[in-house]
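Visitor: Hi! Could you walk me through this one?
Guide: Happy to, here it is.

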Amino acid sequence: MRLVEEAVSASQEVRTPDLLVVGGGKGGVGKTCFSVNLAIEVARKGWQVVLVDADLSCSNLEAVLGAKAERPLDDYFLTRERPSLASIVSGTPYENLRFVPGATGLLDAANPRTQQRAAFMRELQGLQADLVIVDLDAGAHLNTLDFFLMTDSDGVLVITPEKTSIDNAYKFLRAALFRKIERFYDSPEVGVLLKRNESLPQFLDRVRDSALFSQPVKTQILKEIQAIARGLQPKVVVNRARKAYEAQVASNILCRMARQNLMIDPERLGFLFFDKRVSEAVNSGVPFVVSHPRLKVSACVADIGGRLGYL
Ligand SMILES: Nc1ncnc2c1ncn2[C@@H]1O[C@H](COP(=O)(O)OP(=O)(O)O)[C@@H](O)[C@H]1O
Ligand SMILES: [Mg+2]
């Protein structure tokens, strides 16, 4: 009987955590601040959270979180007998919150081989937690795109109300979509057509006109691509908004571009107010939801946590 009970409780312990991958293309828009403060807020509610620094070249999550890792991520990518990712997870000053630090930038861990990257992503999804939040770096490198594509519906795009940030997030989403299509087909013909086109409708027209494929194959490709685009459902967070309507306008612009050019319909997850105390908190190493729980910007983080279902 005891054996049966043990087997049942062991199987209950194996659970797949929810995954929230935070990207957006541009540096300095607030991805790390958002990830850290959301992680603390969700952990406070009693959920087990692991925060992952997936910025493999220039990480700063430790500084924003105000925690020191026991082992750097370099150990994971560069040790011949690779340790498990779970053994790299470090504690933080906050209950229910642990983290995976970034690479130090001193060694060549910024460009892991495909196999290492695949192992990293697999192990991330096997961490023992309710929620794993992955903080990505800037840009749209393959590493970053593949991390973002680990999950269809829980990729977050952080933007600010500035045009440059909206443009970068749009280009990041386009690169992610095209990467997903390329990976799906693994075909040079489709790759060549994709690279010649700016938007998904243009690409679909090229497929329709192409002499490379027969009619039934074209019909099949068009269906598959539309399904891939529909399957991507990113969530938009507007940071550094001075007014709620400013955030609304910014997310409207991005959502319209995504719908018209990429056939993707992002979800609006929420916004965070601009507050100079956010950067003071960064400098002090104490995240603002801890140092200033009553600020409007802290309430915005709590709202987003609630909207994600962590009540
Ligand atoms: N809501 C905000 N209000 C004011 N300043 C902010 C806000 N969010 C972020 N910042 C500032 O922007 C800087 C960059 O944020 P960070 O999260 O490191 O960006 P990213 O990870 O996207 O590169 C922070 O150090 C902080 O000073
Ligand atoms: Mg960052």
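Visitor: Which residue stands opposite Arg98 in E4?
Guide: That's Val50. One thing to keep in mind as we go: this is a predicted model.

Visitor: How do E2 and E4 pair?
Guide: Strand E2 (residues 49–53) pairs with E4 in the parallel sense, over four bridges.

Visitor: And how do E3 and E4 run?
Guide: Those two run antiparallel, with two bridges joining strand E3 (residues 90–91) to E4. Arg98 turns up here too, as the bridge partner of Gly91. The hairpin of E3 and E4 has five residues between the strands, and Asn96 takes a positive phi near 70° there.

Visitor: Which way do the residues of E4 point, and are they buried or exposed?
Guide: Leu97 and Phe99 point one way, Arg98 and Val100 the other, and all are buried.

Visitor: Switching to the ligand: which residues come nearest to ligand 1?
Guide: Of the 17 residues around it, the nearest are Gly30, Lys31, Thr32, Cys33 and Ser279. Helix H2 (31–44), strand E7 (235–241) and helix H12 (276–284) each give two or more residues to that shell.

Visitor: Now H14. Which of its residues are buried?
Guide: Val297, Ser298, Cys300, Val301, Ile304 and Gly305. Seen down the axis of H14, they fall within an arc of 155°, so they line one face of the helix.

Visitor: What do they pack against?
Guide: H2, E7, strand E8 (267–273), H12 and helix H13 (288–291).

Visitor: And what follows H14?
Guide: Gly309, whose phi is positive, near 100°.

How values were computed: Residues numbered from 1 in each chain as written. Chains lettered and ligands numbered in written order. Predicted model: local features only at pLDDT ≥ 70, side-chain atom pairs only at ≥ 80, totals over all residues. Near = placed C-beta within 6 Å. Buried ≥ 20, exposed ≤ 12 C-beta atoms within 10 Å, placed from the backbone. Arc of directions from axis to C-beta. Contact = placed C-beta atoms within 7 Å. Pairing = 2+ DSSP bridges.
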